[in-house]
Amino acid sequence: MKALPPHFGHLYLIDTAISQSDMVHVIMTHNPSQPISGEIRFKTLQSIYGSHPKVKLYSISDEGLPQYDHECETLDKFYSYWVPLVYNQVKELDAVFTSEDYGDDFARYLGVEHILVDKERNKYPVSGTSVRKNPFKYWNFIPDLIKPHFVKRIVIMGPESCGKSTLTQDLANHFSTNFVIEYGRLVYENNGGVTIDDFIPISKGRQDLEDWMIKHSNKLLFCDTEDITTYLFSKMFHPNEFDKIEDYFIEVLQNKPKYDLYILLKPDCKAVQDGTRKFLDKRWEHYNEIKKELVERSCNFFEIGGDWENRFKESKDLINNLIYK
């Protein structure tokens, strides 16, 4: 079983085997070329069956092995790889449970009975391929532990006083999910300002918060700014010192996975001084610097302006068309 990813069809297969067996051996194979790590897939199965007295779980690398029989000259050759993989783990078997056509051949080469379970997917109309292609459509067919892998991260960016925090919270409320606060602003307000030494902790603290929030989010996670913003603010607040931390941010921005969507808010609205704004007279300059970074880093971004109502409507429509499509 690849369980790529685990879904309720897999669980139904395992539960059926449990109901008809004294002991069930669940062998999950994995390799580095797969889009979801074997570790998280196996942890999902462990969370469900790890303490079950009739289940033994195995996480086995199949790196270098043919994945489909057409990759080999003969069926004998194909199963010469897979039968030893099974019997190197399990010494005695009576039956193999699958939901696939290949199960007959697999059972024959294993020398056991094949029990076919819901091949037509009547009980759970879902497959690993369908989940990977459109996870939101099959959201209710995947276990909670694997859902964070499919959560889409959307970041709201822009210069000071263009409605980032309000829009982030309004979108999260509309889509019934979570948001990540502007962590740098929290540090600024608590400390009464920021030194150059605050920016790396801001980056790490914000990322830790995002990593925690994504585990508890419903399909989407909205982020109020990210590391490009933190990097540019470090240059604006401390133009003569930011070189002390520049290597850190260059490495982070090069290696960190990109967000699924960047929404860049134009400063074509009235600025509001709340006592913390330091660069209101440089909003368009700041905006263009953000845009330059997004372009150079090939980020998937869209520019949105207008009044508050328009910003919310355009952002909502954009997400519906691009993410929920």
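In this predicted model, helix α9 (residues 227-237) and helix α10 (residues 246-255) cross at roughly 160°, and their axes come within 10 Å. Because angles over 145 degrees count as roughly antiparallel, α9 is roughly antiparallel to α10. The crossing in which α9 passes α10 is left-handed. On the α9 side the contact is formed by D227, I228, T230 and Y231, and on the α10 side by E246, F249, V252 and L253. Sorted by class, the residues of this contact of α9 with α10 comprise five nonpolar, one polar and two charged.

Helix α9 also packs against α11. Here the angle is about 135°, and the axes of α9 and α11 are 11 Å apart. The two helices, α9 and α11, are therefore oblique to each other, and their crossing is right-handed. From α9, the residues I228, Y231, L232, F233 and M236 meet H286, E289, I290, E293 and L294 of α11. This contact of α9 with α11 contains seven nonpolar residues, one polar residue and two charged residues.

The burial of α9 can be considered next. Eight of the 11 residues of α9 are buried, and the helix is mostly covered. The buried residues of α9 are D227, I228, T229, T230, Y231, L232, F233 and S234. The elements that cover them include β5 (152-157), α8, α10 and α11.

H286 is placed in helix α11 (residues 283-296). Its relative accessibility is 3%, so H286 counts as buried. When neighbours within four places in sequence are set aside, the contacts of H286 are G158, P159, E160, L232, F233 and M236. Of these partners, L232, F233 and M236 are among the α9 residues that meet α11.

Helix α8 (residues 199-214), one of the elements covering α9, holds K204. With a relative accessible area of 48%, K204 is partly exposed. Although K204 and Y183 are 21 residues apart along the chain, their C-alpha atoms are separated by 9.8 Å.

Another helix pair is formed by α6 (residues 164-174) and α12 (residues 308-322), which pack at an angle of about 50° with their axes 10 Å apart. At that angle α6 and α12 are oblique to each other. The crossing in which α6 passes α12 is right-handed. The contact involves L167, D170, L171 and H174 of α6, together with R311, F312, S315, K316 and I319 of α12. By class, this contact of α6 with α12 has four nonpolar, two polar and three charged residues.

Most residues other than glycine have a negative phi, and most peptide bonds are trans. The peptide bond from L4 to P5, however, is cis, with omega near 0°. P5 belongs to the segment before α1 (8-19). D118 is not a glycine, yet its phi is positive, at about 50°. The position of D118 is in the loop between β4 (113-116) and α5 (128-133). K219, also a residue other than glycine, has a positive phi near 70°. K219 is found in the loop between α8 and β7 (220-224). Since buried means under 20% relative accessible area, K219 is buried at 18%.

Technical notes
Residues numbered from 1 in each chain as written. Predicted model: local features only at pLDDT ≥ 70, side-chain atom pairs only at ≥ 80, totals over all residues. Heavy atoms only, no water. Axes fitted to C-alpha atoms, helices over the stretch in contact; angles between N-to-C directions. Helix = DSSP H or I, 4+ residues; strand = E, 2+ residues; numbered from the N terminus. Parallel < 35°, antiparallel > 145°, perpendicular 65-115°, else oblique. Left-handed = near helix turned anticlockwise from the far one by under 90°. Contact = heavy atoms within 4.5 Å. Nonpolar A, V, L, I, M, F, W, Y, C, P; charged D, E, K, R; others polar. Buried < 20%, exposed > 50% of the residue type's maximum accessible area, 1.4 Å probe, protein only.
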